[in-house]
Amino acid sequence: MGERLLTVEGLSTHFFTYAGVVKAVNGVSFTLDRKETLGIVGESGSGKTVAALSLMRLIPDPPGKVVEGSLLLGDRDLRTITDEEIRQVRGNDIAMIFQDPMTSLNPVLKIGNQIAEAIMLHQDKSKGEAWRMAAELLDRVGIPDAAKRVNQYPFEFSGGMRQRAMIAMAISCNPDILIADEPTTALDVTIQAQIIDVIEEMQQAYESGVILITHDLGVVAEIADKVMVMYGGRTVEYGGIDEIFYNPHHPYTWGLLGSLPRLDQTEKTRLTPIKGQPPDLIALPSGCPFVGRCSYERPECRDQWPQLEIVGPEHGVNCWIPEDERREARATLLHFQEYAT
Amino acid sequence: MPDRDTSGNQLTEDLTVSTVSELDLIEDKYSGRKPLGLWADTWRRLKRNHLAVVGLCIIVVFLAVGMTQEIANLVGLNTGEPGTGYLAPYPPNAVNYELSPKGLGSPPSWSHLFGTDYLGRDVFSRTLVATRISMLVGVIAVSIALIIGLILGPISGYYGGAVDSVIMRTADVFFAFPYILFVLLIMTVLGPGLWNVFIAIGILSWASYARLNRGSVLSVKAMEYVEAARAQGASDLRIIFRHVLPNTMAPIYVAIAMGIGGAIVTEAALSFLGIGIQPPDASWGKMIADYLTYLQAGSWWMVTFPSIALTVTVFAFISFGNGLRDATDPKLKE
């Protein structure tokens, strides 16, 4: 892998609300290299999006605040640079693709206008040049008849085309890091595959690092190089893509993989959900947030967050269950029998 | 940047592109008509509302009448003496006692369509020239109110917190005062005069635009495209005035149409009370005030025509405003 773009150490983002402190992200660490794709997976409310927004200082303050951790973009600390500098980082160094393309384009501005604006914010380009670049970008992301399409409004675009336009806008300033926050959630399945292709293609062309936030493991399997599994604001497991899919160590990761539909299942078979509800982020247990839903719970799980345990090259897990017991437990699970060593 | 062809993914790419354009064709074919922009769509629905169209026509005619001097200047036709208004058949302030026997004016005739007043001045000419004052008051006073309201309203809604409280409590103060009394107060401080009327009405009506807009800003600022703009590195001011404000304008257009009618009435009221337009210049309110006493003496024509002009204008703005509101209301879309 290439040059290190981003180093996040012990990131904690909390929201100070009337009801109490919502600990959305607690001590998350990860790194991102050039041309690398990091998948962040986890269910709703696990802190994926908040972690990504913290990078761009887009957490509304108040009530939100990054309370701990260091966010290094190259050698710049994203926590201490001025508001003016962070505005230059946004869009230029780190760009973001949002979840719902139907609502993330401004309905009263022409598509070309919105892309051109992003270009003119960060590059010294005239309006005409910026519009020409906008048309080229639309063409690059696979929108036919781009020269005509730049003059259209978002409501004249279909969902898939809008997401393409969002991608064009995000890559317009050639960012080092592209954050895609559930880019395919609002799209139907055939369009999803196309959008993932476009993101991958743009990553190759611009040599960016991509952070892909999703709860769709299928998407992760397709393009991610490494995966971080988040639960209750914590990283429970991280590792290379093959490690996570073929050698998962955390019971939550097992649950996620186990709840996927499989080709060898008949249509009558029910999917296997993870029992219980995600934890209340205001009243998180001091130990592992997965307690109460985990079938392998131990007394120590409740009180203390386990140390990071390195279980392989670039593969770590935070779990109290000893490694040999984990392997045994995993072997009894239907889905992992075939991989069990 | 490598060329697209070198991506090694040519097959997928071709497939992608063709799929999009095909889908697109299907969409265009089945929707039956080209999608319309906001204004084209609004106009299509406004056209069906006859009252609103009548209102719009009246507004256009009155604006044209009010602006004759400017239009004539523009095309180089203005040969009349300054201040007369090109369409007026007689100088509006020319006194002619022969036309006012017994000081009661003379009734409508072919040479004086609306009759003459107690000083023998042509009422038709005066009414025409007063149109200009009324239109100016409507447009300029509302513009002043809009400029203040559409700067403070969005800032108030976008930043919230202390900024919001200060601006909105100030607006409350403006709402709390009786309107006419407040205008009287400002006019007394500024002194009578045309520009002071604009300023007084403008300063007093900003609060309703600001409050109306603040509400829309509160809902629009939570939209994803605002966050997307922030993620692009746009500054607060750019976000407020380029991304948020244009999306909150629909109710404002309606308020403008209504507000112009209101401003015209306020000017008439001020002139009626004697602190608006100063004699010998004519304004509808001033004319109504001056001529009212002659109504009892049987000279009905003096007060009737400016009253009709005032009523018709205000009616036109309000019916157009109502039509515009219906046409822009998404809940009424068919």
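Predicted model: local features only at pLDDT ≥ 70, side-chain atom pairs only at ≥ 80, totals over all residues.
Helix 11 of chain B and helix 12 of chain B are oblique to each other, because their axes cross at roughly 40°. Chain B has 13 helices and zero strands, while chain A has twelve helices and twelve strands.

**Helix 11 with helix 12 in chain B**

- Helix 11 of chain B covers residues 250-272 and helix 12 of chain B covers residues 284-296, and their axes come within 7 Å.
- The crossing of these two helices, helix 11 and helix 12 of chain B, is right-handed.
- On the helix 11 side of chain B, the residues that meet helix 12 are B:Glu267, B:Ala268, B:Ala269, B:Leu270, B:Ser271 and B:Phe272.
- Across from them, helix 12 of chain B brings B:Trp284, B:Gly285, B:Lys286, B:Ile288 and B:Ala289.
- Sorted by type, the residues of this contact between helix 11 and helix 12 of chain B come out as seven nonpolar, two polar and two charged.

**Helix 5 with helix 11 in chain B**

- Helix 11 of chain B also pairs with helix 5 of chain B (residues 123-159), with the axes coming within 8 Å and crossing at roughly 120°.
- Angles of 65 to 115 degrees count as roughly perpendicular and those over 145 as roughly antiparallel, so helix 5 and helix 11 of chain B are oblique to each other.
- The crossing of helix 5 and helix 11 of chain B is right-handed.
- Helix 5 of chain B puts B:Ser134, B:Val137, B:Gly138, B:Val139, B:Ala141, B:Val142, B:Ala145 and B:Leu146 into the contact with helix 11.
- From helix 11 of chain B, the partners are B:Ile256, B:Gly259, B:Ile260, B:Ala263, B:Ile264 and B:Glu267.
- That contact of helix 5 with helix 11 in chain B divides into ten nonpolar residues, three polar and one charged.
- B:Glu267 turns up in both contacts of helix 11 of chain B, meeting helix 5 as well as helix 12.

**Chain B overall, and B:Ile58**

- Of the 334 residues of chain B, 41% count as buried.
- Among chain B contacts with a separation of 6 or more, 67% are between residues 24 or more positions apart.
- B:Ile58 sits in helix 3 of chain B, which takes in residues 50-66.
- B:Ile58 counts as partly exposed because it has 17 C-beta neighbours inside 10 Å, and 20 or more would be needed for buried.
- Leaving out residues up to four places away in sequence, B:Ile58 touches B:Val312 and B:Ala316.

**Chain A**

- Chain A has a radius of gyration of 21 Å, close to the 20 Å that the globule rule gives for 341 residues, so it is as compact as a globular protein of that length.
- Along its principal axes, the C-alpha trace of chain A spans about 65 × 50 × 40 Å.
- Of the 341 residues of chain A, 48% count as buried.
- Take the chain A contacts between residues at least 6 apart in sequence, and 64% of them join residues at least 24 apart.
- Helix 1 of chain A (residues 48-55) is mostly covered, with eight of its eight residues buried.
- The buried residues in helix 1 of chain A are A:Lys48, A:Thr49, A:Val50, A:Ala51, A:Ala52, A:Leu53, A:Ser54 and A:Leu55.
- After helix 1 of chain A comes A:Arg57, with a positive phi near 55°.

Notes
Residues numbered from 1 in each chain as written. Chains lettered and ligands numbered in written order. Helix = DSSP H or I, 4+ residues; strand = E, 2+ residues; numbered from the N terminus. Rg over C-alpha atoms; globule rule 2.2 N^0.38 Å. Buried ≥ 20, exposed ≤ 12 C-beta atoms within 10 Å, placed from the backbone. Contact = placed C-beta atoms within 7 Å. Axes fitted to C-alpha atoms, helices over the stretch in contact; angles between N-to-C directions. Parallel < 35°, antiparallel > 145°, perpendicular 65-115°, else oblique. Left-handed = near helix turned anticlockwise from the far one by under 90°. Nonpolar A, V, L, I, M, F, W, Y, C, P; charged D, E, K, R; others polar.
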